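Q: I have a structure open and would like to go through it piece by piece. Can we start with the ligand and then look at helices and loops?

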Amino acid sequence: MSPPHGLAPLDILALEDGAVVMLDQTRLPGEVTHIRYDGWSGVVDGIKTMVVRGAPAIGVAGAMGVALAAHNAAVGTDSRAAFDAEMARAIPALREARPTAVNLAWAVDQMAGIVADHEGTPTEIAAELAAVARRIHEDEVDRCKAMGQHSLALMTRGARILTHCNAGALATGGYGTALGVVRAAFEADPSVSVFVDETRPLLQGSRLTAWELQEEGIPYTLISDNMAAMMMAEGRVTHVVVGADRIAANGDVVNKIGTYGVAILAREHGIPFIVAAPTSTLDLSMASAADIPVEERDPDEVRALSLFGRQASPTGAPVANPAFDRTPARLVTAIVTEQGVHRAPYERSLAAAWTAATAE
Ligand code: MRU
C-alpha cells in the first residue's frame with residue numbers, strides 16, 4: 001500500500017546520527033535503494049550526480065550536509081577554531097554543488113548564518129544545525145501541501161494536466177510542487193489525469209514522475225517531449241503545471257530544459273501555464289532570469305540514449321546540454337507559492353510573498 005501522499009519524507013531524505021540517507025533517484029523506477037553518506041563530501045557527490053535532485057530537495061540535502069559536517073567535526077574536536085575550519089571547507093562545497101536551483105544556496109546560507117552567529121561549543125552548534133536541517137525539510141513539505149490547496153482555485157473538473165520533469169515528492173523531500181498540485185486536484189476530483197513529458201535527456205518525467213503517479217494510482221499517459229504540441233492541438237490538455245528551480249523578481253521562471261517550449265505551446269493553444277514553487281525558490285536579487293546561471297551538464301547525458309540496443313548518435317557527437325531554460329513571465333498564467341496564487345504583474349505580489357514567508 002502506498003502512503004496517502006506519496007513517499008514518506010524520511011524515505012526520500014533523512015538526517016541520521018552521523019549520516020545523510022538518500023533514496024537513490026538514479027536507480028528508479030527499477031530499484032528502490034538508499035545510499036548512506038557518512039561525510040559531507042559524499043553529500044556533495046550525491047547532489048552533483050543527482051542521487052537527490054529537484055530544487056527544494058537539494059536545498060534540504062545541502063542543509064543536511066552542513067549538519068553532518070558539523071556532527072563529524074564536533075565528534076573529532078572541541079576546538080572551535082578547528083570546527084570552524086572544517087565548516088569553512090564544507091559550506092562552500094555544498095552551496096556550489098549545483099548552480100541553478102536557488103534553494104540550495106538559500107538553505108546552506110541559513111546554516112552558515114547559524115555557524116557564524118553561534119557562540120557555543122561545536123557539540124551545541126551541531127545539535128542546533130541538525131534541528132534546523134530537519135525543520136527545513138518539514139517546512140518544505142508543508143509549503144508543498146499549502147500550494148496544493150491554493151491551486152485548487154485554478155483547476156477545473158476533469159482537468160488533464162501536462163507536466164514536465166519531476167516536481168514531485170522526490171524533488172521536494174515530500175508531496176511535491178507541480179505533483180502536489182496534481183495530488184490535491186486528484187483528491188478533490190478523481191477524474192483528473194496527467195500527461196507526463198518524458199523530459200530528455202535525463203528522463204525525470206518517465207523515470208520519476210510516471211513512477212510516483214503509478215505508485216499512487218493517479219491516471220497518467222507518458223509522452224515523449226515532442227508529442228506535447230499534438231496533444232494540445234487535439235484539445236487533450238487543459239492545464240500545464242510545472243515546478244521551478246529559480247524565479248526572478250519579475251516572475252521569469254527557470255526550470256528544466258524544455259519548459260520554455262511547453263510554455264510557448266500552452267500560450268499558442270490558450271492553455272493556462274501554471275508554476276508551483278515555494279518561496280524558497282524565489283530569488284528577488286535577480287530582476288529577470290537573464291542573469292540566472294544555467295548548469296551545463298556532461299555531454300554524455302545527451303549521447304547516452306541507445307535504441308535497438310545500439311548507440312543513437314555518432315561516437316563523440318558534439319553536444320549542447322543546458323539542464324534548464326528561462327521562461328519569460330509573460331507566458332506564465334499564475335505562480336502558486338505557499339502564500340497563495342500570484343498573477344502578473346508579479347513584482348509586488350512575489351515581494352509580498354517573500355516578506356510574509358521570512359516573517360513566519
Ligand atoms: O535537474 P533536476 O532534475 O534537479 O531538475 C529539476 C527540475 O527542473 C524541477 O522541475 C524543479 O526543480 C522543480 S522541483 C519541485
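Predicted model: local features only at pLDDT ≥ 70, side-chain atom pairs only at ≥ 80, totals over all residues.

Q: What about the backbone of G54?
A: A backbone N or O atom of G54 is 2.9 Å from an oxygen atom of the ligand. A55 also takes part through its backbone: one of its polar backbone atoms is 2.9 Å from a ligand oxygen.

Q: How many residues are around the ligand, and which come nearest?
A: There are 19 residues around the ligand. The nearest are R53, R98, D245, N255 and K256.

Q: Switching to helices. At what angle do α2 and α3 cross?
A: Helix α2, residues 40-48, and helix α3, residues 55-76, cross at roughly 165°. Their axes come within 8 Å.

Q: How do they run relative to each other, and why?
A: Angles over 145 degrees count as roughly antiparallel, and the crossing is roughly 165°. Therefore α2 and α3 are roughly antiparallel to each other.

Q: Left-handed or right-handed crossing?
A: The crossing of α2 and α3 is left-handed.

Q: Which residues meet there?
A: From α2 there are W40, V43 and I47. On the α3 side they meet I58, A61, G62, G65, L68 and A69. By type, the residues of this contact are 7 nonpolar and 2 polar, with no charged ones.

Q: And what's in the loop between α2 and α3?
A: M50 is found in that loop. Phi of M50 is near 70°, which is a positive value in a residue other than glycine.

Q: Next pair: α4 and α5. What is their angle?
A: Helix α4 (residues 80-95) and helix α5 (residues 102-117) cross at roughly 170°, and their axes come within 10 Å. That angle makes α4 roughly antiparallel to α5.

Q: Who touches whom?
A: α4 contributes R80, F83, D84, M87, I91, L94 and R95. These meet L104, A105, V108, D109, A112 and V115 in α5.

Q: How many of those are charged?
A: The contact of α4 with α5 has 4 charged residues, along with 9 nonpolar and no polar ones.

Q: What about α6 and α8, at what angle do they pack?
A: Helix α6, residues 122-151, packs against helix α8, residues 178-188, at an angle of about 55°. The axes are 8 Å apart. That angle makes α6 oblique to α8.

Q: And the handedness of α6 passing α8?
A: α6 passes α8 in a right-handed crossing. The contact is made by G148, Q149 and S151 of α6 together with G180, V181 and A184 of α8. Sorted by type, the contact of α6 with α8 has 2 nonpolar, 4 polar and no charged residues.

Q: Last topic, the prolines. Is the peptide bond from R200 to P201 cis or trans?
A: The bond from R200 to P201 is cis, with omega near 5°. P201 lies in the loop between β5 (193-197) and α9 (204-216).

Q: What joins A344 and P345?
A: A cis peptide bond joins A344 and P345, and its omega is about -5°.

Q: Where is P345?
A: P345 is in the loop between β16 (340-342) and α13 (346-359).

Terms used:
Residues numbered from 1 in each chain as written. Heavy atoms only, no water. Axes fitted to C-alpha atoms, helices over the stretch in contact; angles between N-to-C directions. Helix = DSSP H or I, 4+ residues; strand = E, 2+ residues; numbered from the N terminus. Parallel < 35°, antiparallel > 145°, perpendicular 65-115°, else oblique. Left-handed = near helix turned anticlockwise from the far one by under 90°. Contact = heavy atoms within 4.5 Å. Nonpolar A, V, L, I, M, F, W, Y, C, P; charged D, E, K, R; others polar. Near = heavy atom within 4 Å. Polar contact = N/O pair within 3.5 Å; in protein donor to acceptor, adjacent residues only side chain to side chain.
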